[in-house]
Each structure stands twice: as C-alpha cells, then as structure tokens.
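Dear colleague,

I am handing over a structure for you to look at, and below it I have written out what was found in it. Please keep it open beside you while you read.

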Amino acid sequence: MPQIHLRAEPGDYAPLVLLPGDPGRATMIAGLFDGGLDQSRLVNEHRSLLGYTGTYKGVPVSVQTSGMGTPSFSIVMEELLNLGVQRFIRTGSCGGVAHGLRTGDLVIATAAVPADGATRTYLHGDPFAPAADFELTRALVDAARAKGVEPTIGVVQSVDVFYNSDPDYSTKMRSRDVVAVEMEAAALFYLAMRARGAGKDVRGACVLTVSDTLAKDDDSYGTDFLTPEQLESAARMMVEVALEAGTSAG
C-alpha cells in the first residue's frame, strides 16, 4: 500500500533517518551528505515534506521533514516505519528551561513528558514514560563531546502550544527537573518503543538546539531568542553531531 503523505517506496529511505521539522533544515542536512545535494536523492516533496537519501562517510542516511507538533510528526514516523526505517533521530529546536541553559546550547533528551494530544491519544490515558534508546542517545553524547561540546542531558516536555502565557509554565517544568520544552519527542519515543514491543529493531533518539529560553536563573519568567543566523549556525553543529552518532551507532 502506498504511503499517503510520503510518496516513496520501500528502499527509498535509508535505515537511519534524521527528522527536522523545517524543510529548509532538511535541505541543509542533505547538503552535508557525501557529495552534497548533487549526490543526494530527493525521495519525497509531497506537501513540502521534503525527504532526501544519500550517504554520510559511506553510510546510507536519509533526512525527512516532520512538520511541527506530534500530529504531523506521528504521521511521518508511522509512514517511515511502514517503509522499513529502523533508526530515528529528531534534530530540532527547543526552549530552554533548566538553570544555566543558554541559547545555542545542545540538549540531548533521555525521555519526554507526553503533554501533547497525539501521544495521549496513542496511550488511551494510560500512564507511560516515553524514553529514548540508550545506545543511540549515548552515541549522541559521545559525538557531542568529541566535538568539544558538553550537552545538557535530561528529560524534555512535549507540548502542543508554542505561545503559552501561563505564569507558571516554565517554573513548574523546572521544579520537576525538565530541562527543555519542545513539540515532537514524546511521539518519537513512544512509536519507537511500540515498535520494539512488537519485536522490531527500532530505536529513537533526540538532539535539540536551544533556540530560546523560557526562564531566568532566579526562576522569573524571561525569554531570550537566537537570531535566524545564530540558529542556523547552532543547528548545523547539532546536525553534524547527529550524523556522526547515527552512522557510528549499531
């Protein structure tokens, strides 16, 4: 059965897929493949969900735009699972919550609070802790440190609302040691774990660039944003970490 949103066939995607939300970032990632865009292959452009396949240091790898939020993300990942993908690394941005976290920092998620509608729908209200794959996550940490970058490692929270004005929005998360807020990781971790529960060798991990901060170190509300140029530079470093980790992990 053809996929509805990813107009691709089995074999079009590599076993490893990086998942940015932004189609522009997907194109940037494809430019880092061996030979750049000239050697990568566009495997999907339906609905502007750009997907490319190529190699990185001789290892097959794909990148697929996921869109924003878990509803869009889960559609893309479900179809990638149908197409045989086994390794998923979300390469996105997040709002920093933890003390000392600054814009441009790197966050590697170990688990995600499922405060989003799609993951709650999958779970039918059951309590569950969507967690990242240990080996793939460790590979991300090792790759970051090899580049001289010390990541912040911890639990993130996946949400549906970007512009949330609740006065205790960030401080409540900080009090629970949530390090950052984002919009897709819970669905990624849940779907990978569901696949593993069905006996499939599927693993998911998540690396994020802090694009903005949501709280000051004195716990008062305060925001700080990267410029588009600063975000592009920080995201490129994050992607290089993801490519190194994904192509080196088992």
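A residue to begin with is Thr 247, which is found in helix H7 (residues 228-248), where helices are DSSP runs (H or I, at least four residues) numbered from the N terminus. This is a predicted model, in which local features need pLDDT of at least 70 and side-chain atom pairs count only at pLDDT 80 or more, while totals for chains, interfaces and linings use all residues. Residues are numbered from 1 along each chain as its sequence is written, and side-chain values use heavy atoms, with hydrogens and water left out.

A polar atom of the Thr 247 side chain lies 2.6 Å from the backbone oxygen of Leu 243. If residues up to four places away in sequence are not counted, Thr 247 touches Leu 16, Tyr 56 and Val 59, where touching means heavy atoms within 4.5 Å.

Turning to the rings, the structure holds three aromatic pairs (ring centres of Phe, Tyr or Trp, the last by its six-membered ring, within 6.5 Å; planes under 30 degrees apart are stacked, over 60 edge-to-face, the rest tilted). One of them joins Phe 128 and Tyr 190 edge-to-face, at 5.8 Å centre to centre and 85° between the planes. Phe 128 lies in the loop between helix H3 (117-123) and helix H4 (134-146) and Tyr 190 in helix H6 (residues 185-197), so the pair ties together parts that are 62 residues apart in sequence. Tyr 122, Phe 128 and Tyr 190 form one aromatic cluster.

Best wishes

Definitions and conventions
Helices (H or I, at least four residues) and strands (E, at least two) are DSSP runs, numbered from the N terminus. A polar contact is a pair of N or O atoms within 3.5 Å; within protein, one must be able to donate a hydrogen and the other to accept it, and residues adjacent in sequence count only if both atoms are side-chain atoms.
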